[in-house]
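Here are my notes on this one, jotted down as I went through it. Have a look at the structure first, then read on.

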Amino acid sequence: MKQNNKIVIAIDGFSSCGKSTMAKGLAKRIGYIYIDSGAMYRAVTLYCINHNLIDGNLIDENSLKKQMQNIHIEFKINTQSGRPETWLNGKNVEQEIRSMQVSNLVSPVSALKFVRTAMTTQQQALGKAKGIVMDGRDIGTTVFPHAELKIFVTASAETRAKRRLDELKAKGENISYQEVLKNVQERDYIDQNRSESPLKKADDAILLDNSDMTLEEQDKWLYEQYQKALFK
Ligand SMILES: Nc1ncnc2c1ncn2[C@@H]1O[C@H](COP(=O)(O)OP(=O)(O)O)[C@@H](O)[C@H]1O
Ligand SMILES: Nc1ccn([C@@H]2O[C@H](COP(=O)(O)OP(=O)(O)O)[C@@H](O)[C@H]2O)c(=O)n1
């Protein structure tokens, strides 16, 4: 049911396929709130790193479970860029959460049931009034199963790794294509095979393979899907 003609838009898909770029662009164009659900899982992972809850690949699940109540995640619009930034316990962590250190640990943290329950509850609260574009892995399947528009984005792992590599290099990270490709493939595997709300296309989601699409072409395509969903 639309509330004052506002709907919920879920954009799920594989790592680094362009979900956030598409979601941000559409939200800005139609005046919706944009929520990067991945940033929330990244913020939990950063909290774990900062509080020594991860040793190698081993997560101190009992301690993390007790400390979930200490993890407060907010999104605040940067007045200069106009873009939302992720804040963890009162600190702007938008840059830190995008590091490879976080990217190498976020999938195991995100596979924990109590982490997913806490994040999903917060995500659903954010979308209560509709008028939201949320991107992630399980938005159309678990967080907003009744979303009026669901998109599932994919592209070849090699294309996605190249896109992420270019993004990280532009931010000054010194990293190899092989390292990025390995992280993309590992996270896709873990995300798809975890027992709790795994990454998979919702039956009623529209599939988009944007391997050969430009930023402009995918934005145009997404806006057309939004217009169709409004008048469904
Ligand atoms: N169609 C596209 N062609 C080329 N680069 C793209 C395309 N879509 C997104 N990108 C770039 O790929 C990188 C990852 O995009 P992002 O939206 O962060 O992916 P995701 O949110 O799926 O992880 C960004 O640098 C973005 O500008
Ligand atoms: N709704 C979501 C969003 C992200 N995640 C987890 O968080 C990780 C990082 O998500 P992200 O969207 O920031 O990652 P990228 O697609 O930007 O590489 C994913 O690899 C998942 O493990 C999740 O489990 N559920």
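1. Let's start with a strand pair. β2 and strand β8 (residues 132-136) run parallel and are joined by four bridges. Within that pairing, I35 sits opposite M134 of β8. Keep in mind that this is a predicted model.

2. Now the sheet they belong to. It's an open sheet of five strands with parallel pairing, in the order β2-β8-β1-β9-β10. The edges are β2 (33-36) and β10 (206-209), and each has a single partner strand, so one side of each is left without a neighbour in the sheet. From one strand to the next, the twist averages 20°.

3. What packs on the sheet? Helix α10 (residues 215-230) does, touching β1 (8-13), β9 (149-154) and β10. The direction of α10 makes about 155° with that of β9.

4. Next, a helix pair. The axes of α2 (residues 37-50) and α6 (residues 113-126) come within 11 Å and cross at roughly 140°, so the two helices are oblique to each other. The crossing is right-handed. On the α2 side the contact is made by S37, M40, Y41 and V44, and on the α6 side by V115, R116, M119, T120, Q122 and Q123. Sorted by class, that contact has five nonpolar, four polar and one charged residues.

5. Finally, the hairpin. Strands β5 (residues 73-77) and β6 (residues 84-88) run antiparallel, with five bridges between them. I77 stands opposite P84 in β6. Six residues lie between the strands, and G82 takes a positive phi near 75° in this hairpin.

Methods
Residues numbered from 1 in each chain as written. Chains lettered and ligands numbered in written order. Predicted model: local features only at pLDDT ≥ 70, side-chain atom pairs only at ≥ 80, totals over all residues. Heavy atoms only, no water. Pairing = 2+ DSSP bridges. Axes fitted to C-alpha atoms, helices over the stretch in contact; angles between N-to-C directions. Parallel < 35°, antiparallel > 145°, perpendicular 65-115°, else oblique. Left-handed = near helix turned anticlockwise from the far one by under 90°. Contact = heavy atoms within 4.5 Å. Nonpolar A, V, L, I, M, F, W, Y, C, P; charged D, E, K, R; others polar.
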